[in-house]
Amino acid sequence: MSEIAVIREGDGPEILLVHGGASPKTTWGALASLSARWTLASVHRRGYPPSPSGRHDFEIDAIDLEALVGARPHIVAHSYGVLGTLIAAARRPKHVRSLTLIEPPLFYLVPGDSEVEHLERIGNQVLTHGLDTEPGALREFLRIAGGPDVGDGPLPDEVARGVRRAHGGRLPGEARPSARCST
C-alpha cells in the first residue's frame with residue numbers, strides 16, 4: 001500500500017488535520033495563520049492528490065492514519081475523515097495527544113432522530129449515485145455539508161470533483177468505531 005501525502009507547514013507541536021469529502025485546502029485553509037505557533041500537518045486522504053488514488057473507505061483511512069501518529073500529535077478530523085481517525089485512535093490511544101471531531105457522521109448514535117436519518121439517507125444517495133443523485137437531494141446535501149455556490153446552476157468544479165471522489169465510497173453507517181481504546 002502506498003503512503004498518503006501529508007503537507008506540513010509551520011513550527012511547534014503538530015496538529016494532524018484529517019479532512020472529509022472536501023479537499024484539505026478547502027477544509028483547513030482558514031487555519032493557515034496558526035502555522036506561526038503550530039505545525040499544521042494536512043493529511044491528503046486517498047483520492048486527493050498528491051496521495052494515491054482510492055475510494056472513500058474508513059478502514060483504509062485508519063491504516064493510513066495509524067502510521068502517522070507516532071509523534072503523538074493533536075488530531076483534528078472533519079466529517080468522513082472522523083471515521084478512520086476514531087478507528088486509528090482506538091487502536092493506538094497512547095499515540096494521540098488530543099482529538100477534536102467536527103461533524104462526525106456517526107448516525108447510529110442518535111437512533112430515531114428524523115433529521116439525522118434524513119441526512120444519512122441523502123448522504124448515502126450521494127455516495128452511491130454521485131453526480132447522478134436526484135438533483136434536489138444532491139444540492140440539499142451539499143448545502144448542509146457547506147458546499148459553496150450550490151444554487152440551481154452548474155456545480156462549481158471543486159464541488160463536482162468532491163462528489164466524483166466520494167462516489168462509490170464506503171457508507172459511513174457501516175463504521176462502528178470502538179468505544180473502548182485498546183492499549
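These legends describe close-up views of one predicted model. Residues are numbered from 1 along each chain as its sequence is written, and side-chain values use heavy atoms, leaving out hydrogens and water. Because the model is predicted, local features need pLDDT of at least 70 and side-chain atom pairs count only at pLDDT 80 or more, while totals for chains, interfaces and linings use all residues.

**View 1. Five strands form an open sheet.**
The strand order is E1-E3-E2-E4-E5, and the pairing is mixed. Strands (E, at least two residues) and helices (H or I, at least four) are DSSP runs, numbered from the N terminus. Two strands pair if DSSP finds at least two bridges between them. Strand E1 (5–10) and strand E5 (98–102) stand at the edges. Each has a single partner strand, so one side of each is left without a neighbour in the sheet. On average, neighbouring strands are turned by 20° against each other, direction ignored.

**View 2. Strand E2 is mostly covered.**
Five of the five residues of E2 are buried. Buried means under 20% relative accessible area, exposed means over 50%, and partly exposed lies in between (1.4 Å probe, protein chains only). Glu14, Leu16 and Val18 are buried on one side of E2, and Ile15 and Leu17 on the other. Five bridges join E2 to E3, and these two strands run parallel. Here Ile15 has Leu40 in E3 as its bridge partner. E2 (residues 14–18) also runs parallel to E4 (residues 74–78), joined by four bridges. Leu16 stands opposite Ile75 in E4. Leu17 faces Val76 of E4 as its opposite residue.

Axes are lines fitted to C-alpha atoms, for helices over the stretch in contact, and angles run from 0 to 180 degrees between N-to-C directions.

**View 3. Phe58 and Tyr80 make an aromatic pair.**
What describes a pair of aromatic rings? The distance of the centres and the angle of the planes do. Rings of Phe, Tyr and Trp (its six-membered ring) pair if their centres lie within 6.5 Å; planes under 30 degrees apart count as stacked, over 60 as edge-to-face and the rest as tilted. The count comes to one aromatic pair. The ring centres of Phe58 and Tyr80 are 6.4 Å apart and the planes stand at 45°, so the pair is tilted. The pair links distant parts of the chain: Phe58 in helix H2 and Tyr80 in helix H3 are 22 residues apart. Phe58 is buried, at 1% relative accessibility. Tyr80 is buried too, at 5%.

His44 belongs to strand E3. Is the residue buried or exposed? His44 is buried, with a relative accessible area of 11%. Leaving aside neighbours within four places in sequence, the contacts of His44 include Ile4, Ala5, Ile7, His19 and Pro24. Pro50 sits in the loop between strand E3 (39–44) and helix H2 (58–66).

**View 4. Arg72 and Glu103 have positive phi values.**
Most residues other than glycine have a negative phi, and most peptide bonds are trans. Arg72 has a phi of about 55°. Arg72 lies in the loop between H2 and E4 and is partly exposed, at 36% relative accessibility. For Glu103, phi is near 50°. Glu103 is found in the loop between E5 and helix H4 (114–129). Its relative accessible area is 48%, which counts as partly exposed.

**View 5. Helix H5 packs against two helices.**
H5 covers residues 135–144, and its buried residues are Ala137, Leu138, Arg139 and Leu142. They pack against H4 and helix H6 (157–166). Glu134 caps the N-terminal end: a side-chain oxygen lies 3.0 Å from the backbone nitrogen of Gly136. Just after H5, Gly146 takes a positive phi of about 90°.

Methods:
Contact = heavy atoms within 4.5 Å. Polar contact = N/O pair within 3.5 Å; in protein donor to acceptor, adjacent residues only side chain to side chain.
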